[in-house]
Structure formats: structure tokens, C-alpha cells
Amino acid sequence: MKEFTRLNKFIASMTGYSRREADKLIEEGKVSINGKRVREQGIKIDETEDVVFINNEPVYESKPDVFKFYKPRRVLTAYGEGRGKDTLEKFPLFAGRKFPYSGRLDYESEGLLIFSNDGELIQRMQKPEYKMEKEYLVTVDRLLSSMEMEEFSSGLDTPKGKYQPCSIKFAGKQNYKVIIKEGKKRQIRNMFGYFGSKVKRLERVRIGPITIENLKPGEYKILSRDEIIKLYKATGLNYKAL
């Protein structure tokens, strides 16, 4: 049977705050559970499942931190100074903290990134032998012909790079759903560009078993235990052994 702990008691036991101070933090909206901000007093948590943040800082790290983030357009997937461009540190979650991540997106692209303090997990997600699928919703200025779509999916050898076979499906209007298993620089833009079709919008909606769900640009969410287990399994790691 699961045991639950009052949130203010948990914060007091894991930090230097008193229970009264913890209640004030909750009231001021400075506390979140699994990425969702809470203000209600008396909330109880499962210490083995829930991750608590104060001012976007984790209260404890007894299990790997793994979370997903919706990178907006015109934000560099990088930390530090962006030479006039916004970087991840524009968002309070990343201020002064440099989580390893998988799935770099270019400046004009948007969508799902996965971050973790488990470096091995991030490294494996990027290794080609694990064939981690990445799914995108792509809006273009010119639709491809059926022959071009077949060529696109069969793999391309272009002046800007050689690309492996992938999946492409028409998604209505000027949109395509594209799934690739590699992640070369500006790959999808270059693949469409090979046929003279310009990408107007590019959104990553899935990495492996993890989807963007209903996240909005700039939002993040701690992965559930089930999501983490699926992600570790997809990379050949054993979550229970951590």
C-alpha cells in the first residue's frame, strides 16, 4: 500500500524551510509537483513517484530527473550567450543549470526536447544503433509529387548530405508527418529543399516513446515513471537498477 506525505512536511524534512515557510512557498505559487504548479494547502505526495520543485529547483534527486520541454521558435538549443539570440537560459528552469539534452533543434524549429541528469541515457538516445525515432509535423510551401515522396522515403544523397530511408505521410493542407531515425543538422529542411520545397514550420512531436502531448511553447513536464521506464528500455538501460 502506498504511503503519502503532506507536501509541507516533505519540504521541511528535505530543506531548511519550516512547515510554515513551506506553506508560504506553496501559497505564493513557488512549488510545483511533476511540472504542475500547486497552491492548495494540505496536498499529499508519493515520495517514491512525485518530483517536487521549489522555484524550478528539484527538492531531491533520489531518482533520475527526466523531463520534456517544448522549445519555441527563435530560441537556440544552447546555454549561455546567444550573440543576440535567446537561448534556453531565457527560461527560469534553465537559469544557471545546464541539463544534458537529446534532440537539438535549430533556431527556427520548435517542439520536443528531452533533458536528464543521467548522462548515459542522453548519450544512448543519440547513438544511431538504438534507432531512436523522431517524429515531426512539417509545413511546406509546395507539396511533393507521389514520385518525390517515394524518393524522399527511400533515402537521399544530396549536395548537403546523405540521408537514410525514413517515413513520410501527407497530413492535410500543406503538412507532412515525417519520421526519421537519425538527426543530422537541418536534415528535414535539406531533404525538402532538395525537391525545391521550403519548410515554413517544423515541429518535433515525438522522440522514441515520448510525445509532446499538450505542452505549449516554453512549458515543461516531468516524465511519469511509466514514460521513464519506456525511455530506458528503448535505450537498453534498466531503470529499476538505478
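Mentor: The C-alpha centres of domain 1 and domain 2 are 24 Å apart. The model is predicted, with local features needing pLDDT of at least 70 and side-chain atom pairs pLDDT 80 or more, while totals for chains, interfaces and linings use all residues. Residues are numbered from 1 along each chain as its sequence is written, and side-chain values use heavy atoms, without hydrogens and water.

Trainee: Where do the domains lie in the chain?

Mentor: Domain 1 covers 4-58, domain 2 covers 66-128 + 209-235, and domain 3 covers 133-207. These bounds come from an automatic or database domain assignment.

Trainee: What makes domain 1 and domain 2 count as being in contact?

Mentor: Contact means heavy atoms within 4.5 Å. Nine residues of domain 1 meet seven residues of domain 2 in this way.

Trainee: What area do domain 1 and domain 2 bury between them?

Mentor: About 720 Å² is buried, 52% of it on carbon and sulfur atoms. Buried area is the accessible area (1.4 Å probe) that two parts lose on being put together, summed over both.

Trainee: Why is the pair Glu213 and Lys68 called a salt bridge?

Mentor: The term requires a side-chain nitrogen of Lys or Arg within 4 Å of a carboxyl oxygen of Asp or Glu. The closest N and O atoms of Glu213 and Lys68 are 2.6 Å apart, so the pair qualifies. Glu213 lies in the loop between strand E16 (210-211) and strand E17 (220-222), whereas Lys68 is in strand E7, 145 residues apart. Strands (E, at least two residues) are DSSP runs numbered from the N terminus. The whole structure has 17 salt bridges, yet between domain 1 and domain 2 the count is zero.

Terms used. Helix = DSSP H or I, 4+ residues; strand = E, 2+ residues; numbered from the N terminus.
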